[in-house]
Amino acid sequence: MTRSHIRQKTESIHLTARQRTILLRIAGGMTDRQIAADLHITQETVQYHKKNLYRQLDAENAVRAVVKALQLGLLSLEDLPV
């Protein structure tokens, strides 16, 4: 992937604050249940956001979504929980 291709792809992806929050928790290894409890939302709402994240990032699972977000500069290693 060239820099211009990455820049074009990143410009077309706009994560909401909630999507970013959920993606960070996924990256931290939290389950849907844990994310829901932490954010005071239902598991179905977490799953709704995850489905949209996967679609936007063209990812088939949580690991690929996090990797793609890192590759596209939507997240940085400093953002990830230790």
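Start with the core: select Ile22, Leu23 and Leu57, the residues with the most contacts inside the largest nonpolar core, which has 21 residues. Helix 2, helix 3, helix 4 and helix 5 (62-71) each supply at least two residues of this core. The model is a predicted one.

**The whole chain**

Show the chain as a cartoon. Its secondary structure amounts to five helices and zero strands, in the order α-α-α-α-α from the N terminus on. Colour by burial next: of the 82 residues in the protein chain, 34% count as buried. Among contacts with a separation of 6 or more, 53% are between residues 24 or more positions apart.

**Helix 2**

Select residues 17-27, which make up helix 2. Which residues of helix 2 are buried? They are Gln19, Ile22, Leu23, Leu24 and Ile26. The partners against which these buried residues pack are helix 3, helix 4 and helix 5.

Setting aside residues up to four places away in sequence, Ile22 touches Ile35, Leu39, Ile41, Val46, His49, Lys50 and Leu53.

Move to Gln19, also in helix 2. Is Gln19 buried or exposed? Gln19 counts as buried because its relative accessibility is 5%, the cut-off for burial being under 20%. Apart from residues up to four places away in sequence, Gln19 touches His14, His49, Asn52, Leu53 and Gln56.

Now step past the end of the helix. Gly29 follows helix 2 and has a positive phi, near 90 degrees.

**Helix 2 against helix 4**

Show helix 2 together with helix 4, and draw both axes. The two axes come within 10 Å and cross at roughly 90 degrees. Helix 2 and helix 4 are therefore roughly perpendicular to each other.

For the contact itself, select Arg18, Gln19, Ile22, Leu23 and Ile26 on the helix 2 side. On the helix 4 side, select Val46, His49, Lys50, Asn52, Leu53, Gln56 and Leu57. By class, this contact of helix 2 with helix 4 has six nonpolar, four polar and two charged residues.

**Lys50**

Centre on Lys50, which lies in helix 4. Lys50 counts as buried because its relative accessible area is 16%, where burial requires under 20%. Leaving out neighbours within four places in sequence, Lys50 is in contact with Ile22, Ile26 and Asp32. Take the C-alpha atoms of Lys50 and Ile26: they are 9.1 Å apart in space, while the residues are 24 apart in sequence.

**Helix 3 against helix 4**

Which residues make the contact? Helix 3 contributes Asp32, Arg33, Ile35 and Ala36, and helix 4 contributes Gln43, Val46, Gln47 and Lys50. By class, the contact has three nonpolar, two polar and three charged residues.

**Helix 5**

Go on to helix 5 and select Ala65, Val66, Lys68 and Ala69, which are buried. Turn the view to look down the axis of helix 5: the buried residues fall within an arc of 165 degrees, so they line one face of the helix. An α-helix has 3.6 residues a turn, so residues three or four places apart point the same way. Bring the other helices back to see what lies over that face. The cover on the buried residues of helix 5 includes helix 2 and helix 4.

**Two loop residues**

Finish in the loops. Select His40, in the loop between helix 3 and helix 4. The phi of His40 is near 60 degrees, a positive value in a residue other than glycine. With a relative accessible area of 73%, His40 is exposed.

Then select Asp58, in the loop between helix 4 and helix 5. Asp58 is also a residue other than glycine with a positive phi, near 55 degrees. Is Asp58 buried or exposed? Asp58 counts as exposed because its relative accessibility is 51%, and the cut-off for exposure is over 50%.

Definitions and conventions. Residues numbered from 1 in each chain as written. Predicted model: local features only at pLDDT ≥ 70, side-chain atom pairs only at ≥ 80, totals over all residues. Heavy atoms only, no water. Contact = heavy atoms within 4.5 Å. Helix = DSSP H or I, 4+ residues; strand = E, 2+ residues; numbered from the N terminus. Nonpolar A, V, L, I, M, F, W, Y, C, P; charged D, E, K, R; others polar. Buried < 20%, exposed > 50% of the residue type's maximum accessible area, 1.4 Å probe, protein only. Core = buried A, V, L, I, M, F, W, Y, C linked by side-chain atoms within 4.5 Å. Arc of directions from axis to C-beta. Axes fitted to C-alpha atoms, helices over the stretch in contact; angles between N-to-C directions. Parallel < 35°, antiparallel > 145°, perpendicular 65-115°, else oblique.
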